[in-house]
Amino acid sequence: MEFVNRTAIGGRELAALSRGARKTVRRNRNRMVRVMAVLIIALNVFFAWVSLRVGDSRWWLNGALALFLLVIVFWEDRLNGRFRAKHVLPEAREVTASFGPEGYTHVSKASDSRFTYDQIRMICETPDYFLFYLDRNLGQIYAKDGFVQGTAMAFREFISQKTGLTVRNI
């Protein structure tokens, strides 16, 4: 059976791709970065409290920096998606992928690419998307509601059989 999927790439899709990478292929690095961020936030809160207690009028700078870092930690994926969406060419925003027995093609107005299933290192699934990771820095996203031919349920089984990988839910 052949599957055809059409997906529009935007900030929301790239945020999902970023979130998937953070939770899977970049999990160890992310853990280290989060621990450092929490330590820096805690230090800034402590310094703001000390400055406030001694009467320094610049205590709010440390508090604002802690708040700023906290926002970045919580909105990391959305921010990554937004910044990366600005770098996607307008011709590459609409992607049509055709999945056949030997491999799949990834077609947009900007390029045509052919991939084999053994190039996929990890497959993840969210409620709205299938995420393919070819390496730490290269991922592809396909909307579940974008299937023109085939269904998302059948595709999950198909891609798992073709790659020999388990589809991870995130």
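1. Which residue in β3 is the bridge partner of Ser 98? The partner is Thr 105. This is a predicted model, in which local features need pLDDT of at least 70 and side-chain atom pairs count only at pLDDT 80 or more, while totals for chains, interfaces and linings use all residues. Residues are numbered from 1 along each chain as its sequence is written, and side-chain values use heavy atoms, with hydrogens and water left out.

2. β2 (residues 94-99) and β3 (residues 103-107) pair in the antiparallel sense over four bridges. Strands are DSSP runs of E, at least two residues, and helices are runs of H or I, at least four, numbered from the N terminus; two strands pair if DSSP finds at least two bridges between them.

3. The open sheet has five strands, in the order β4-β3-β2-β1-β8, with antiparallel pairing. β4 (112-116) and β8 (147-149) are the edge strands, each pairing on one side only.

4. A search of the whole structure gives 19 aromatic pairs; rings of Phe, Tyr and Trp (its six-membered ring) pair if their centres lie within 6.5 Å, and planes under 30 degrees apart count as stacked, over 60 as edge-to-face and the rest as tilted. Phe 3 and Phe 155 are edge-to-face, because their planes stand at 75°, with centres 5.5 Å apart. Phe 3 is in strand β1 and Phe 155 in helix α5, 152 residues apart.

5. Phe 155 also forms an edge-to-face pair with Phe 130, at 5.1 Å centre to centre and 70° between the planes. Phe 130 lies in strand β6 (residues 129-135).
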